[in-house]
Amino acid sequence: MKFNQCYQTYKDKKPVISFEMFPPKTEAALEKFNKVVPELVSLKPDFMTVTYGALGSTQDSTLEIAARIKREHQIETASHLTCVGSTREEIEEILNSLSESGIENIVALRGDPPQGETEFKPVEGGYRQAIDLVQHIKNRGDFGIAVAGYPEKHIEAESLATDLDFLAEKVKAGSDIVVTQLFYDNRYYFEFVDECRKRGVECPIVPGILPIVSKKQILRITQLCGTNIPEDLNSKLEAAGDDDEAAFQIGVDQAIAQVTELLEKGAPGIHFYVLNRANHMKQIFERLPAELLSSP
Ligand code: FAD
(Lines give C-alpha, C1' and ligand atoms only; values in the text may rest on other atoms or scores of the structure.)
Protein backbone atom coordinates (compact mmCIF):
# COMPACT_ATOMS: atom_id res chain seq x y z
CA MET A 1 0.00 0.00 0.00
CA LYS A 2 1.45 3.32 -1.06
CA PHE A 3 1.62 6.46 1.11
CA ASN A 4 -1.39 7.99 -0.67
CA GLN A 5 -3.57 5.05 0.31
CA CYS A 6 -2.15 4.96 3.87
CA TYR A 7 -3.20 8.59 4.24
CA GLN A 8 -6.74 7.94 2.97
CA THR A 9 -7.71 7.09 6.57
CA TYR A 10 -6.72 10.61 7.59
CA LYS A 11 -9.46 11.87 5.32
CA ASP A 12 -11.86 9.85 7.53
CA LYS A 13 -10.29 11.70 10.51
CA LYS A 14 -8.21 8.75 11.72
CA PRO A 15 -4.62 9.92 12.20
CA VAL A 16 -1.93 7.88 10.48
CA ILE A 17 0.77 6.58 12.82
CA SER A 18 4.23 5.62 11.60
CA PHE A 19 7.36 4.44 13.41
CA GLU A 20 10.89 5.06 12.16
CA MET A 21 13.60 2.47 12.91
CA PHE A 22 17.27 2.31 12.04
CA PRO A 23 19.17 -0.83 10.97
CA PRO A 24 21.07 -2.35 13.91
CA LYS A 25 24.85 -2.33 13.53
CA THR A 26 25.88 -5.35 15.63
CA GLU A 27 24.65 -8.90 16.23
CA ALA A 28 23.62 -7.98 19.79
CA ALA A 29 21.70 -4.94 18.53
CA LEU A 30 20.01 -7.09 15.89
CA GLU A 31 18.87 -9.57 18.54
CA LYS A 32 17.36 -6.70 20.57
CA PHE A 33 15.82 -5.22 17.40
CA ASN A 34 14.11 -8.52 16.59
CA LYS A 35 12.44 -8.49 20.02
CA VAL A 36 11.43 -4.83 19.82
CA VAL A 37 9.77 -5.00 16.37
CA PRO A 38 6.84 -7.26 17.47
CA GLU A 39 6.30 -5.03 20.54
CA LEU A 40 6.08 -1.99 18.29
CA VAL A 41 3.86 -3.81 15.79
CA SER A 42 1.47 -4.62 18.66
CA LEU A 43 0.84 -0.86 18.97
CA LYS A 44 -0.68 -1.05 15.47
CA PRO A 45 1.18 1.64 13.55
CA ASP A 46 -0.07 2.15 9.98
CA PHE A 47 3.45 1.70 8.61
CA MET A 48 7.07 1.58 9.64
CA THR A 49 10.09 3.15 7.94
CA VAL A 50 13.74 2.10 8.00
CA THR A 51 16.51 4.70 7.74
CA TYR A 52 19.38 4.58 5.28
CA GLY A 53 22.84 4.71 6.83
CA ALA A 54 25.81 6.83 5.88
CA LEU A 55 28.27 5.55 3.32
CA GLY A 56 29.80 2.17 4.11
CA SER A 57 27.56 1.52 7.10
CA THR A 58 24.16 -0.12 7.09
CA GLN A 59 22.86 0.78 3.62
CA ASP A 60 22.36 -2.82 2.49
CA SER A 61 20.43 -3.81 5.59
CA THR A 62 17.82 -1.07 5.10
CA LEU A 63 16.22 -2.95 2.21
CA GLU A 64 16.53 -6.31 3.95
CA ILE A 65 14.93 -5.06 7.19
CA ALA A 66 12.14 -3.11 5.50
CA ALA A 67 11.27 -6.18 3.41
CA ARG A 68 11.47 -8.53 6.40
CA ILE A 69 9.22 -6.40 8.64
CA LYS A 70 6.65 -6.22 5.85
CA ARG A 71 6.79 -9.97 5.18
CA GLU A 72 6.85 -11.20 8.77
CA HIS A 73 4.39 -8.74 10.32
CA GLN A 74 2.12 -7.91 7.36
CA ILE A 75 2.67 -4.23 8.02
CA GLU A 76 3.43 -1.64 5.36
CA THR A 77 7.00 -0.37 5.31
CA ALA A 78 9.00 2.36 3.61
CA SER A 79 12.69 2.39 2.89
CA HIS A 80 14.65 5.62 3.30
CA LEU A 81 17.08 6.30 0.46
CA THR A 82 19.74 9.02 0.16
CA CYS A 83 21.88 10.35 -2.68
CA VAL A 84 25.05 9.77 -0.61
CA GLY A 85 27.76 7.74 -2.32
CA SER A 86 25.68 6.40 -5.23
CA THR A 87 25.68 7.20 -8.92
CA ARG A 88 22.37 7.46 -10.76
CA GLU A 89 22.86 3.94 -12.11
CA GLU A 90 23.48 2.59 -8.61
CA ILE A 91 20.37 4.35 -7.30
CA GLU A 92 18.40 2.76 -10.13
CA GLU A 93 19.72 -0.68 -9.14
CA ILE A 94 18.74 -0.07 -5.49
CA LEU A 95 15.25 1.01 -6.59
CA ASN A 96 14.92 -2.13 -8.73
CA SER A 97 15.89 -4.28 -5.74
CA LEU A 98 13.43 -2.45 -3.48
CA SER A 99 10.67 -2.94 -6.01
CA GLU A 100 11.49 -6.65 -6.38
CA SER A 101 11.41 -7.00 -2.57
CA GLY A 102 7.86 -5.65 -2.46
CA ILE A 103 8.72 -2.26 -0.96
CA GLU A 104 6.21 0.30 -2.22
CA ASN A 105 7.32 3.49 -0.47
CA ILE A 106 10.50 5.55 -0.34
CA VAL A 107 11.52 8.39 1.97
CA ALA A 108 13.68 10.26 -0.55
CA LEU A 109 16.55 12.29 0.93
CA ARG A 110 19.75 13.97 -0.02
CA GLY A 111 21.64 12.75 3.07
CA ASP A 112 24.24 14.53 5.19
CA PRO A 113 27.82 15.46 4.30
CA PRO A 114 30.35 12.96 5.72
CA GLN A 115 31.40 13.54 9.36
CA GLY A 116 33.80 16.46 9.66
CA GLU A 117 32.61 18.06 6.38
CA THR A 118 30.11 20.88 6.16
CA GLU A 119 29.23 20.76 2.47
CA PHE A 120 27.42 17.96 0.65
CA LYS A 121 29.26 16.87 -2.49
CA PRO A 122 27.54 14.37 -4.77
CA VAL A 123 29.62 11.54 -6.21
CA GLU A 124 30.41 11.93 -9.90
CA GLY A 125 27.25 10.99 -11.77
CA GLY A 126 25.17 11.18 -8.58
CA TYR A 127 22.18 13.29 -7.56
CA ARG A 128 22.79 16.74 -6.04
CA GLN A 129 19.58 17.37 -4.07
CA ALA A 130 16.67 15.33 -2.80
CA ILE A 131 14.48 16.90 -5.50
CA ASP A 132 16.58 15.16 -8.19
CA LEU A 133 15.98 11.81 -6.52
CA VAL A 134 12.26 12.58 -6.14
CA GLN A 135 11.98 13.43 -9.86
CA HIS A 136 13.65 10.17 -10.82
CA ILE A 137 11.49 8.02 -8.53
CA LYS A 138 8.35 9.82 -9.68
CA ASN A 139 9.25 9.15 -13.33
CA ARG A 140 9.56 5.43 -12.59
CA GLY A 141 6.04 5.56 -11.15
CA ASP A 142 6.24 2.51 -8.90
CA PHE A 143 6.74 4.02 -5.41
CA GLY A 144 4.95 6.28 -2.97
CA ILE A 145 7.29 9.15 -2.05
CA ALA A 146 7.90 11.07 1.19
CA VAL A 147 10.33 13.96 1.65
CA ALA A 148 11.84 15.69 4.67
CA GLY A 149 10.75 19.15 5.88
CA TYR A 150 12.32 21.34 8.57
CA PRO A 151 10.00 23.47 10.77
CA GLU A 152 13.06 25.17 12.29
CA LYS A 153 14.94 25.36 8.95
CA HIS A 154 17.45 22.90 7.57
CA ILE A 155 20.78 23.49 9.25
CA GLU A 156 22.54 24.47 6.00
CA ALA A 157 19.76 26.70 4.65
CA GLU A 158 20.33 30.45 4.38
CA SER A 159 16.86 31.20 5.72
CA LEU A 160 13.62 29.45 6.56
CA ALA A 161 11.98 31.21 3.59
CA THR A 162 14.43 29.81 1.00
CA ASP A 163 14.29 26.38 2.64
CA LEU A 164 10.48 26.46 2.35
CA ASP A 165 10.70 27.54 -1.29
CA PHE A 166 12.94 24.55 -2.06
CA LEU A 167 10.62 22.26 -0.12
CA ALA A 168 7.63 23.42 -2.18
CA GLU A 169 9.58 22.60 -5.37
CA LYS A 170 10.52 19.18 -3.97
CA VAL A 171 6.88 18.38 -3.23
CA LYS A 172 5.80 19.60 -6.68
CA ALA A 173 8.35 17.22 -8.19
CA GLY A 174 6.23 14.32 -6.98
CA SER A 175 6.16 13.79 -3.24
CA ASP A 176 3.02 12.39 -1.63
CA ILE A 177 3.78 13.51 1.93
CA VAL A 178 6.22 15.64 3.92
CA VAL A 179 7.63 14.24 7.17
CA THR A 180 9.13 16.83 9.47
CA GLN A 181 12.33 16.97 11.41
CA LEU A 182 11.83 16.57 15.17
CA PHE A 183 10.75 19.62 17.19
CA TYR A 184 9.78 20.24 20.82
CA ASP A 185 7.69 23.37 20.39
CA ASN A 186 4.52 22.76 18.37
CA ARG A 187 4.36 26.40 17.31
CA TYR A 188 7.17 25.72 14.84
CA TYR A 189 5.07 23.00 13.20
CA PHE A 190 1.89 25.05 12.93
CA GLU A 191 3.74 28.03 11.44
CA PHE A 192 5.61 25.69 9.09
CA VAL A 193 2.33 24.18 7.84
CA ASP A 194 0.91 27.68 7.23
CA GLU A 195 4.00 28.70 5.27
CA CYS A 196 3.93 25.47 3.22
CA ARG A 197 0.24 26.00 2.36
CA LYS A 198 1.02 29.58 1.23
CA ARG A 199 3.53 28.05 -1.19
CA GLY A 200 0.96 25.67 -2.64
CA VAL A 201 1.97 22.52 -0.73
CA GLU A 202 -1.28 20.59 -0.37
CA CYS A 203 -0.13 17.12 0.68
CA PRO A 204 -0.18 15.79 4.29
CA ILE A 205 2.58 17.36 6.42
CA VAL A 206 3.35 14.83 9.11
CA PRO A 207 4.97 15.98 12.36
CA GLY A 208 8.03 13.99 13.41
CA ILE A 209 8.22 13.37 17.16
CA LEU A 210 11.25 12.06 19.01
CA PRO A 211 10.38 11.11 22.60
CA ILE A 212 13.35 12.00 24.81
CA VAL A 213 14.99 8.98 26.42
CA SER A 214 17.99 10.67 28.04
CA LYS A 215 19.32 14.19 28.47
CA LYS A 216 22.68 13.41 26.87
CA GLN A 217 21.01 11.88 23.82
CA ILE A 218 18.66 14.77 23.26
CA LEU A 219 21.34 17.45 23.60
CA ARG A 220 23.46 15.66 20.99
CA ILE A 221 20.62 15.17 18.51
CA THR A 222 19.12 18.66 18.82
CA GLN A 223 22.54 20.22 18.34
CA LEU A 224 23.10 18.16 15.19
CA CYS A 225 19.83 19.15 13.59
CA GLY A 226 19.39 22.68 14.98
CA THR A 227 16.22 21.96 16.99
CA ASN A 228 15.42 24.27 19.92
CA ILE A 229 14.59 22.90 23.35
CA PRO A 230 11.96 25.20 24.94
CA GLU A 231 12.92 26.84 28.24
CA ASP A 232 10.42 24.90 30.40
CA LEU A 233 11.48 21.53 28.95
CA ASN A 234 15.13 22.44 29.37
CA SER A 235 14.56 23.36 33.06
CA LYS A 236 12.88 20.01 33.69
CA LEU A 237 15.78 18.16 32.06
CA GLU A 238 18.28 20.24 34.06
CA ALA A 239 16.46 19.32 37.26
CA ALA A 240 16.58 15.63 36.31
CA GLY A 241 20.38 15.87 36.01
CA ASP A 242 21.91 12.47 35.21
CA ASP A 243 18.81 10.56 36.29
CA ASP A 244 17.92 8.82 33.01
CA GLU A 245 14.69 7.39 34.40
CA ALA A 246 13.50 10.90 35.31
CA ALA A 247 14.49 12.20 31.83
CA PHE A 248 12.64 9.25 30.27
CA GLN A 249 9.42 10.17 32.14
CA ILE A 250 9.82 13.82 31.14
CA GLY A 251 10.17 12.59 27.54
CA VAL A 252 7.00 10.50 27.74
CA ASP A 253 4.99 13.41 29.23
CA GLN A 254 6.38 15.82 26.64
CA ALA A 255 5.53 13.49 23.74
CA ILE A 256 1.98 12.95 25.02
CA ALA A 257 1.43 16.70 25.39
CA GLN A 258 2.83 17.45 21.92
CA VAL A 259 0.95 14.64 20.17
CA THR A 260 -2.34 15.51 21.87
CA GLU A 261 -2.17 19.13 20.74
CA LEU A 262 -0.97 18.25 17.24
CA LEU A 263 -3.79 15.78 16.63
CA GLU A 264 -6.44 17.97 18.25
CA LYS A 265 -5.41 20.79 15.93
CA GLY A 266 -5.61 18.65 12.81
CA ALA A 267 -2.19 17.09 12.12
CA PRO A 268 -2.75 14.19 9.66
CA GLY A 269 -0.83 11.74 11.83
CA ILE A 270 2.41 11.36 13.77
CA HIS A 271 5.74 9.97 12.62
CA PHE A 272 7.54 8.72 15.74
CA TYR A 273 11.32 8.47 15.75
CA VAL A 274 11.26 5.39 18.00
CA LEU A 275 15.05 4.79 18.04
CA ASN A 276 14.54 1.01 18.05
CA ARG A 277 12.92 1.10 21.50
CA ALA A 278 9.44 0.08 22.60
CA ASN A 279 9.12 0.94 26.32
CA HIS A 280 8.49 4.64 25.85
CA MET A 281 6.13 4.02 22.95
CA LYS A 282 4.07 1.57 25.04
CA GLN A 283 3.69 4.17 27.80
CA ILE A 284 2.81 6.89 25.31
CA PHE A 285 0.14 4.74 23.62
CA GLU A 286 -1.31 3.59 26.96
CA ARG A 287 -1.76 7.17 28.07
CA LEU A 288 -2.85 8.89 24.85
CA PRO A 289 -6.65 9.40 24.82
CA ALA A 290 -8.05 6.54 22.71
CA GLU A 291 -10.46 8.83 20.85
CA LEU A 292 -7.50 10.78 19.48
CA LEU A 293 -6.22 7.73 17.61
CA SER A 294 -9.47 6.43 16.15
CA SER A 295 -12.11 7.67 13.74
CA PRO A 296 -15.01 9.54 15.39
P1 FAD B 1 17.40 18.60 0.34
O2 FAD B 1 15.93 18.70 0.20
O3 FAD B 1 18.19 18.38 -0.88
O4 FAD B 1 17.89 19.93 1.08
C5 FAD B 1 19.20 20.03 1.59
C6 FAD B 1 19.61 21.51 1.67
O7 FAD B 1 19.73 22.05 0.34
C8 FAD B 1 18.62 22.41 2.41
O9 FAD B 1 19.35 23.38 3.10
C10 FAD B 1 17.79 23.04 1.30
O11 FAD B 1 17.30 24.33 1.65
C12 FAD B 1 18.81 23.14 0.17
N13 FAD B 1 18.21 22.93 -1.16
C14 FAD B 1 17.18 22.12 -1.48
N15 FAD B 1 16.94 22.15 -2.80
C16 FAD B 1 17.86 22.99 -3.34
C17 FAD B 1 18.15 23.45 -4.66
N18 FAD B 1 17.41 23.03 -5.69
N19 FAD B 1 19.18 24.29 -4.82
C20 FAD B 1 19.94 24.73 -3.78
N21 FAD B 1 19.71 24.34 -2.50
C22 FAD B 1 18.69 23.48 -2.29
N23 FAD B 1 19.62 11.08 6.63
C24 FAD B 1 20.18 9.88 6.31
O25 FAD B 1 21.40 9.82 6.04
N26 FAD B 1 19.45 8.72 6.28
C27 FAD B 1 18.11 8.72 6.56
O28 FAD B 1 17.47 7.67 6.51
C29 FAD B 1 17.48 9.96 6.90
N30 FAD B 1 16.15 10.02 7.17
C31 FAD B 1 15.56 11.23 7.45
C32 FAD B 1 14.17 11.28 7.67
C33 FAD B 1 13.55 12.48 7.97
C34 FAD B 1 12.05 12.51 8.20
C35 FAD B 1 14.32 13.68 8.08
C36 FAD B 1 13.66 14.98 8.45
C37 FAD B 1 15.70 13.64 7.84
C38 FAD B 1 16.33 12.42 7.51
N39 FAD B 1 17.71 12.35 7.23
C40 FAD B 1 18.29 11.14 6.93
C41 FAD B 1 18.54 13.56 7.28
C42 FAD B 1 18.70 14.25 5.92
O43 FAD B 1 19.40 13.39 5.03
C44 FAD B 1 19.50 15.53 6.14
O45 FAD B 1 18.74 16.46 6.88
C46 FAD B 1 20.11 16.18 4.90
O47 FAD B 1 21.08 17.13 5.34
C48 FAD B 1 19.11 16.91 3.98
O49 FAD B 1 18.35 16.04 3.30
P50 FAD B 1 17.06 16.56 2.45
O51 FAD B 1 16.49 15.38 1.82
O52 FAD B 1 16.21 17.41 3.28
O53 FAD B 1 17.85 17.47 1.36
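Arg287 and Asp253 join their side chains in a salt bridge, with N and O 3.0 Å apart. A salt bridge here is a side-chain nitrogen of Lys or Arg within 4 Å of a carboxyl oxygen of Asp or Glu. Arg287 sits in helix α12 (residues 279–287) and Asp253 in helix α11 (residues 244–264), so the pair ties together parts that are 34 residues apart in sequence. Helices (H or I, at least four residues) and strands (E, at least two) are DSSP runs, numbered from the N terminus.

This is a predicted model: local features need pLDDT of at least 70, side-chain atom pairs count only at pLDDT 80 or more, and totals for chains, interfaces and linings use all residues. Residues are numbered from 1 along each chain as its sequence is written, and side-chain values use heavy atoms, with hydrogens and water left out.

**Salt bridges**

The count comes to 15 salt bridges. Another one links Glu104 and Lys70, 3.1 Å from N to O. Glu104 lies in the loop between α5 (88–100) and β4 (105–109), while Lys70 belongs to helix α4 (residues 59–73), so this pair too ties together parts 34 residues apart in sequence. Lys172 pairs with Glu169, and their closest N and O atoms are 3.5 Å apart. Both belong to helix α7, three residues apart, or about one helical turn.

How exposed are these residues? Buried means under 20% relative accessible area, exposed over 50%, and partly exposed in between (1.4 Å probe, protein chains only).

| Residue | Relative accessible area | Class |
|---|---|---|
| Glu104 | 25% | partly exposed |
| Glu169 | 39% | partly exposed |
| Lys172 | 64% | exposed |
| Asp253 | 39% | partly exposed |
| Arg287 | 44% | partly exposed |

Salt bridges with shared partners also join Asp165, Glu195, Lys198 and Arg199 into one network.

**The ligand**

The shell around the ligand holds 21 residues, each with a heavy atom within 4 Å of it. The closest are Asp112, Gln129, Tyr150, Asp163 and Lys170. For Asp163 the distance is 2.6 Å. For Tyr150 it is 2.7 Å. For His80 it is 3.0 Å. On its own the ligand has 990 Å² of accessible area, and the protein covers 83% of that.

Which elements supply at least two residues each of the shell? They are β3 (76–82), α7 (160–172) and β6 (177–182). Helix α7 gives the largest share, three residues. By class, the shell has nine nonpolar, seven polar and five charged residues.

Notes
A polar contact is a pair of N or O atoms within 3.5 Å; within protein, one must be able to donate a hydrogen and the other to accept it, and residues adjacent in sequence count only if both atoms are side-chain atoms. Accessible areas come from the Shrake-Rupley method with a 1.4 Å probe; for residues, only the protein chains shown count as cover. Ala, Val, Leu, Ile, Met, Phe, Trp, Tyr, Cys and Pro count as nonpolar, Asp, Glu, Lys and Arg as charged, and the others, Gly among them, as polar.
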